[in-house]
Amino acid sequence: MPELPEVETVRLGLAKHVIGKKILKVEVLHPRATATKSLAPLSSLVGAKIKGVSRRGKFLWFDLDRPEVLVAHLGMSGQFLISNSVSKKEQAPVRHLRVRIDLGRTELRFIDQRTFGWLAVENTTEGVPTAASHIALDPFDPNFDLEIAIARFSGKRTEIKRALLDQEVISGVGNIYADETLWRSKIHPETRCEKMKPAKIREVILNATKVMKEALAQGGTSFDELYINVNGESGYFERSLAVYGREGESCPKCHSAIRRIRFANRSSHFCPKCQPRPRA
DNA sequence: GGAAATGTTTACCG
DNA sequence: CCGGTAAACATTTC
């Protein structure tokens, strides 16, 4: 579920609530919540103080007053929720609660229905944890370089949608924003990158950036309770979606029926009129 | 009741 | 390198 705008919404919420707090206790309630690559059990972080919350693409991490970081990936259904610590007795059971991190008056909870998300203790290289070291810069990164990104797309001999989803080409874009980006760009998802002019690729990247910025401003996209911010609130970008999840409904631009195709093992939504299939 | 679908990532195979 | 497929899993929808 969570793509860059959702992860960034979570990061902002976490930063507001956990920076400066010390980890007093860590309770792992599901074995898959700790990534196998974790250098140590999450409980080894007891005593560490949280100095900051960082993000690259869809990867999140907590910077600590020690070299290691606590890395998190939300997968399809991961959430962080901030709650006030209450005595064990008063706690209502929380569905899919995987990890509890005691920060004193605050408890940080990692909740994950499908358990594709994970946490890990990792080292960093130039401030970036191992898990995210192969991930390209996302368009919100101050060091993001548009020309380098264009070159990377141009070098891919594959379809534009696959490249958009490839986190080593550009990071942060997932299935929702890829479809929305291509609709805005009037490009069919199966258009080959090598057939696209650099100017068109530039337009695609800029549209991806724009659609994710707009989504961030609305707190991200929530279809259900599977994506909510650290306070348990939903995002409102769903109402702004032009094609994603709208198969059979009308294109906001031309009113043709939106189509859905299976593609790269997931659904792609597009307008057959605004985004005609490129001729081979 | 069962199949198909769901926002991610990684691995494997041809 | 590319692309298809599968896998990890729980839940909802058709």
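Student: By about how many helical turns are Lys200 and Glu203 separated in helix α5?

Tutor: This is a predicted model: local features need pLDDT of at least 70, side-chain atom pairs count only at pLDDT 80 or more, and totals for chains, interfaces and linings use all residues. Residues are numbered from 1 along each chain as its sequence is written, chains are lettered from A and ligands numbered from 1 in the order in which they are written, and side-chain values use heavy atoms, with hydrogens and water left out. A helix here is a DSSP run (H or I, at least four residues), a strand is another (E, at least two), and both are numbered from the N terminus. Lys200 and Glu203 are 3 residues apart in helix α5, so the separation is about one helical turn.

Student: How far apart are the closest N and O atoms of Lys200 and Glu203?

Tutor: An α-helix has 3.6 residues a turn, so residues three or four places apart point the same way. A salt bridge needs a side-chain nitrogen of Lys or Arg within 4 Å of a carboxyl oxygen of Asp or Glu. Lys200 and Glu203 form one, and their closest N and O atoms are apart by 3.1 Å.

Student: Which helix holds the partner that Glu214 meets in a salt bridge?

Tutor: Glu214 pairs with Arg184, with the closest N and O atoms 2.8 Å apart. Glu214 is in helix α5 (residues 198–217), so the pair ties together parts 30 residues apart in sequence, and Arg184 belongs to residues 175–185, helix α4.

Student: Which strand holds the salt-bridge partner of Glu247?

Tutor: Glu247 meets Arg260 at 3.0 Å, N to O. Glu247 lies in the loop between α5 and β11 (259–263), so this pair ties together parts 13 residues apart in sequence, with Arg260 in strand β11.

Student: Which residues are joined into one network by salt bridges that share partners?

Tutor: The count by this rule comes to 16 salt bridges. Some share partners, and one network joins Glu8, Arg11, Arg55 and Asp138.

Student: How many residues of α4 are buried?

Tutor: The buried ones include Ile176, Tyr177, Leu182 and Trp183. They pack against α1, α3 (160–165), α5 and β12 (266–270). Helix α4 is largely enclosed by the rest of the structure, because its buried residues number 10 of the 11.

Student: Which backbone oxygen does the side chain of Gln275 reach?

Tutor: Gln275 sits in the segment after β12 and is buried at 1% relative accessible area. Its contacts (heavy atoms within 4.5 Å), apart from neighbours within four places in sequence, include Trp183, Lys186 and Phe270. At 3.3 Å, the Gln275 side chain reaches the backbone oxygen of Leu182.

Student: Is Phe110 buried or exposed?

Tutor: Phe110 is found in strand β7 (residues 106–112). Leaving out residues up to four places away in sequence, Phe110 touches Phe80, Leu97, Val99 and Trp118, among others. Its relative accessible area is 1%, so Phe110 counts as buried.

Student: How far apart are the C-alpha centres of domain 1 and domain 2?

Tutor: The bounds come from an automatic or database domain assignment. In chain A this gives domain 1 (4–132) and domain 2 (146–270). Their C-alpha centres are apart by 28 Å.

Student: What area is buried between domain 1 and domain 2?

Tutor: In contact are 19 residues of domain 1 and 20 residues of domain 2. Buried area is the accessible area (1.4 Å probe) that two parts lose on being put together, summed over both. Carbon and sulfur atoms give 66% of it here, and the total is about 1,500 Å².

Student: Which element gives the most to the side of domain 1 that touches domain 2?

Tutor: Between the domains the count is 0 salt bridges. The elements giving two or more residues to this side of domain 1 are α1 (4–18) and β5 (78–84). With 10 residues, the element that gives the most is α1.

Technical notes
Buried < 20%, exposed > 50% of the residue type's maximum accessible area, 1.4 Å probe, protein only. Polar contact = N/O pair within 3.5 Å; in protein donor to acceptor, adjacent residues only side chain to side chain.
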